[in-house]
Amino acid sequence: MPEDASLPFYSAHELMALGRRGQQAPPCSHCGALACAGWESVPGGFDAAQLRCLGTLRPAGDEDPTLLEYHPHGTHAWSADAPIAPGWFPYNRCDVWACTTCERPYLRYTEYGGYYTDPRIRALHPDLVVTEESGG
Ligand SMILES: [Zn+2]
């Protein structure tokens with residue numbers, strides 16, 4: 001993950017607009033394996049050069065964003081229909097990426113466990129983006 005503080009920050013509304021544009025075409029053969037509705041571990045052997053970083057959801061200057069998740073409708077972190085809630089975990093640690101071939105947008109973050117790191121990816125589905133003020 002880039003740690004470049006100069007990455008443009010995406011608001012929830014910008015994220016939704018980006019997602020809308022990205023849904024106009026089906027995923028291409030390069031990123032089709034990534035077009036998962038819920039979070040997935042990035043498949044081993046995936047060529048990361050297929051994606052380029054557009055921006056970030058990490059709040060500038062917030063060194064320790066909340067670990068609370070936002071699931072008002074009984075979803076859980078891995079649900080295919082879990083809200084994409086900027087300001088809540090793990091979206092407050094995500095960067096925004098797009099396929100270099102078809103422009104389909106994705107979210108990525110790295111899960112840090114006690115003994116492992118797990119790069120994860122989720123397709124950016126515009127209908128799941130939560131646009132009201134949020135954050136714990
Ligand atoms: Zn693609």
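This is a predicted model: local features need pLDDT of at least 70, side-chain atom pairs count only at pLDDT 80 or more; totals for chains, interfaces and linings use all residues.
Colleague: OK. Which strands does strand 3 pair with in the antiparallel sense?
Modeller: Strand 2 (51-56), over 5 bridges, and strand 4 (105-112), over 4 bridges. Strands here are DSSP E runs of at least two residues, numbered from the N terminus, and two strands pair if DSSP finds at least two bridges between them. Cys53 stands opposite Trp97, and Asp95 stands opposite Arg108.

Colleague: Is strand 3 mostly covered or uncovered?
Modeller: Mostly covered, with 5 of its 5 residues buried. Buried is 20 or more other C-beta atoms within 10 Å of a residue's own, exposed is 12 or fewer, partly exposed is in between, and the C-beta atoms are placed from the backbone.

Colleague: And which way do they point?
Modeller: Asp95, Trp97 and Cys99 point one way, Val96 and Ala98 the other. In a regular strand, side chains alternate between the two faces of the sheet.

Colleague: Switching to the core. Which residues have the most contacts inside the largest nonpolar one?
Modeller: Tyr91, Cys94, Val96 and Tyr106, in a core of 24 residues. A nonpolar core is a set of buried Ala, Val, Leu, Ile, Met, Phe, Trp, Tyr and Cys residues joined through C-beta atoms within 7 Å. Strand 3 gives the largest share of this core, 4 residues.

Colleague: What does Val96 touch?
Modeller: Beyond its neighbours within four places in sequence, its contacts include Tyr10, Leu15, Leu54 and Leu107. Contact means backbone-placed C-beta atoms within 7 Å.

Colleague: Where's Leu124?
Modeller: In the segment after strand 5. Leu124 is buried, with 23 other C-beta atoms within 10 Å. Its contacts, again leaving aside neighbours within four places, include Leu15, Leu18 and Tyr106. The C-alpha atoms of Leu124 and Trp97 are separated by 9.2 Å, and the two are 27 residues apart along the chain.

Colleague: Now the backbone. Which peptide bond is cis?
Modeller: The one from Phe89 to Pro90, with omega near -5°. Pro90 lies in the loop between strand 2 and strand 3.

Colleague: And what's the phi of Glu103?
Modeller: Positive, about 70°, although Glu103 is not a glycine. Glu103 lies in the hairpin of strand 3 and strand 4, which has 5 residues between the strands.

Colleague: How many C-beta atoms around Glu103?
Modeller: There are 16 others within 10 Å, so Glu103 is partly exposed.

Terms used
Residues are numbered from 1 along each chain as its sequence is written. Two residues are in contact if their C-beta atoms, placed from the backbone, lie within 7 Å.
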